[in-house]
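I am opening a notebook on a structure that is new to me. The entries below record what I looked up.

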Amino acid sequence: MKKSCLLNEPIRFRIAQFNYLRLLTRQLFICSCLLMTAVLFCKKGNAQKVLVTGKYLPRVEQALSIVAKYEPDIFADIICQSYIQLGEIPGQPGTSFCILEDIASSRALWIMLSPLRLRDATNLSIASVIVHEAMHLRYNLAMKHDPTWVTDAAARHLEHTTIYNYQLFFLKRVGATREEIEGVKGVMRSLSIPIIHP
Ligand SMILES: [Zn+2]
């Protein structure tokens, strides 16, 4: 005879009730863990950090809101996961740039805005630079595992031809002034980058 059969009905009922509560508690705990993991994962996937401080911060935030409105795809794919920071390349003042750190399982995307360029830039111009650098990051992320990817001067020129012309397209779409558009065209001319849609 099994031991449980020796127990009277109220005790068996209480044991069953206790086991049910214990199972429910465990399930609730597992659900909570899954929910926490999902929240943490979302936060990790949406890890944009604006590290810009001081007088440029409000303009960078305005520029980011313009990009979010007009370029939602690249904003979600790249910019939302990027650190936005001020920085200059030694010997190349006035040049914004991007960094793709991708070592083992750790990946960090950086969009570095030149303080020298920000000094006189409008919000739309800053937005167009953020789009420009985000396009570099997206391109590099797409190509870095491609064994046929070449990064010589000709390839970089072609990449810049696409990106600068898209930057012009973006500026026109957001209603930039003639001066803002001509500023980018001037840089393109200095780099011998063809203007496809003048
Ligand atoms: Zn560039």
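Which residues are exposed on the other side of α2? I found P58 and K69 there. I keep in mind that this is a predicted model.

**Entry on the whole chain**

I counted the elements next. The protein chain has seven helices and four strands. Reading along the sequence, I wrote down the order as α-β-α-α-β-β-β-α-α-α-α. I then looked up burial: of the 198 residues in the protein chain, 20% are buried. For contacts between residues at least 6 apart in sequence, I noted that 71% join residues at least 24 apart.

**Entry on helix α2**

I checked the length of helix α2, which runs over residues 57-70. Its 14 residues, at 1.5 Å a residue, should span 20 Å, and I read 20 Å between its end C-alpha atoms, so the two agree.

I then listed the buried residues of α2, which are V60, A63, L64 and V67. Looking down the axis of α2, I saw that these buried residues fall within an arc of 100°, so they line one face of the helix. A reminder to myself: an α-helix has 3.6 residues a turn, so residues three or four places apart point the same way. P58 and K69, my opening pair, are exposed on the other side of α2.

What do the buried residues of α2 pack against? I listed two other helices, α3 (72-77) and α5 (123-143). I also listed the strands β1 (49-50), β2 (82-86) and β4 (106-113) as packing against them.

**Entry on helices α6 and α7**

I turned to helix α6, residues 153-173, and helix α7, residues 178-190. I noted that they pack at an angle of about 175°, with their axes 10 Å apart. An angle over 145 degrees counts as roughly antiparallel, so α6 is roughly antiparallel to α7.

Which residues make the contact? From α6 I wrote down Y164, Q167, L168, L171 and K172. From α7 I wrote down E180, I181, V184 and M188. Sorting the residues of this contact, I got six nonpolar, one polar and two charged.

**Entry on S192**

My last stop was S192, in the segment after α7. I noted its positive phi of about 55°, although S192 is not a glycine. Is S192 buried or exposed? I found 9 other C-beta atoms within 10 Å of S192. A residue with 12 or fewer counts as exposed, so S192 is exposed.

Terms used. Residues numbered from 1 in each chain as written. Predicted model: local features only at pLDDT ≥ 70, side-chain atom pairs only at ≥ 80, totals over all residues. Expected span 1.5 Å × (residues − 1). Arc of directions from axis to C-beta. Contact = placed C-beta atoms within 7 Å. Axes fitted to C-alpha atoms, helices over the stretch in contact; angles between N-to-C directions. Parallel < 35°, antiparallel > 145°, perpendicular 65-115°, else oblique. Nonpolar A, V, L, I, M, F, W, Y, C, P; charged D, E, K, R; others polar.
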